[in-house]
Amino acid sequence: MTQQKKITAPLTEDAVKGLKAGDSVLITGVIYAARDAAHQRMIEALDRGEELPVDLTGQVVYYVGPSPAKPGEPIGSAGPTTAGRCDAYTPQLLDKGLKGMIGKGYRSDAVVDSMKKNGAVYFVCVGGAAALISRTIKAYDVVAYGDLGPEALARMEVVDFPAIVAIDCEGRNYYEEGQKPYKKL
């Protein structure tokens, strides 16, 4: 694994190009929380010719359905959801300018192809560290689809949110590359 990089969200094209599969990152800035139900609503809105509730240009979406916040906290436990649940919706959102996604697990070939086409990156974070991850989230505000509860589209402010680049904008996949040395054993 390479050295840890500090990056700011929303992401610029140069920032995305500078990330390589296997890089450890700390993300600071604004990211959006959304799970599959919110993704479905966004695609339905696009299919009707409507604008999205947020401009996705340069944005990062975290596939998360957080638990309720304790008093005085912005969010409860906030672990990643399996990214594949959003694969059917992702290429269309990447075409709208989405530059990063955070989740866990593999992505479909269609998503990876769209990432390469649109210059986007897929980050993973550890599901078992949900309580620790939530400490990096300083604000959580629902911006659309509030009726979906924890699956709503929400704006989050994060400081040093830990993640690993699983798939970079050139399609290099750390899930595959990281296993190669062990396959020789």
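This is a working chat about one predicted model and some of its local features.

Q: Before we start, what kind of model is this, and which residues count for what?
A: The model is predicted, so local features need pLDDT of at least 70 and side-chain atom pairs count only at pLDDT 80 or more, while totals for chains, interfaces and linings use all residues. Residues are numbered from 1 along each chain as its sequence is written, and side-chain values use heavy atoms, with hydrogens and water left out.

Q: Which residues does UniProt list for the domain?
A: An unreviewed UniProt entry lists residues 7-177 for "domain: Fe-S hydro-lyase tartrate dehydratase beta-type catalytic"; UniProt positions are given in the numbering used here, feature names are shortened, and annotations may be inferred rather than shown by experiment.

Q: And how much helix and strand is there over residues 7-177?
A: Over that stretch the chain is 25% helix and 27% strand, with the end C-alpha atoms 23 Å apart. Helices (H or I, at least four residues) and strands (E, at least two) are DSSP runs, numbered from the N terminus.

Q: OK, Asp23: where does it lie, and is it buried or exposed?
A: Asp23 lies in the loop between helix 1 (13-17) and strand 2 (24-33), and Asp23 is buried, with a relative accessible area of 1%. Buried means under 20% relative accessible area, exposed over 50%, and partly exposed in between, using a 1.4 Å probe and protein chains only.

Q: What does the side chain of Asp23 make a polar contact with?
A: Its partner is the side chain of Lys5, at 2.9 Å. A polar contact is a pair of N or O atoms within 3.5 Å; within protein, one must be able to donate a hydrogen and the other to accept it, and residues adjacent in sequence count only if both atoms are side-chain atoms.

Q: Switching to cysteines, how many disulfides does a search of the whole structure find?
A: The search finds 0 disulfides, a disulfide being a pair of cysteine sulfur atoms within 2.5 Å. Cys125 is in no disulfide, and the nearest cysteine sulfur, that of Cys86, is 13 Å away.

Q: How many aromatic pairs does the structure hold?
A: There are 2 aromatic pairs. Tyr62 and Phe161 form one that is edge-to-face, at 5.0 Å centre to centre and with 80° between the planes. Tyr62 lies in strand 3 (residues 60-62) and Phe161 in strand 7 (residues 153-167), so this pair ties together parts that are 99 residues apart in sequence. For the terms, rings of Phe, Tyr and Trp (its six-membered ring) pair if their centres lie within 6.5 Å, and planes under 30 degrees apart count as stacked, over 60 as edge-to-face and the rest as tilted.

Q: What about Tyr106 and Tyr175?
A: Tyr106 and Tyr175 form a tilted pair, at 4.5 Å centre to centre and with 35° between the planes. That pair links distant parts of the chain, 69 residues apart, with Tyr106 in the loop between strand 4 (100-103) and helix 4 (109-118) and Tyr175 in helix 6 (residues 174-177).

Q: Which residue lies over the face of Tyr122?
A: Arg107 does, at 4.9 Å from the ring centre; a charge sits over a ring if NZ of Lys or CZ of Arg is within 6 Å of the ring centre and within 35 degrees of the ring normal.

Q: Back to the backbone, what joins Ala9 and Pro10?
A: A cis peptide bond, with omega of about 5°, and Pro10 is found in the loop between strand 1 (4-9) and helix 1.

Q: What is the phi of Asp160, and where is Asp160 found?
A: Asp160 has a positive phi of about 55° although it is not a glycine, and Asp160 is found in strand 7. At 28% relative accessibility, Asp160 counts as partly exposed.

Q: Last one: what is Thr136 in contact with?
A: Leaving aside neighbours within four places in sequence, Thr136 is in contact with Glu157, Val158, Val159, Asp160, Phe161 and Pro162, where contact means heavy atoms within 4.5 Å. Thr136 lies in the loop between helix 5 (130-134) and strand 6, and the side chain of Thr136 reaches the backbone oxygen of Ile133 at 2.7 Å.
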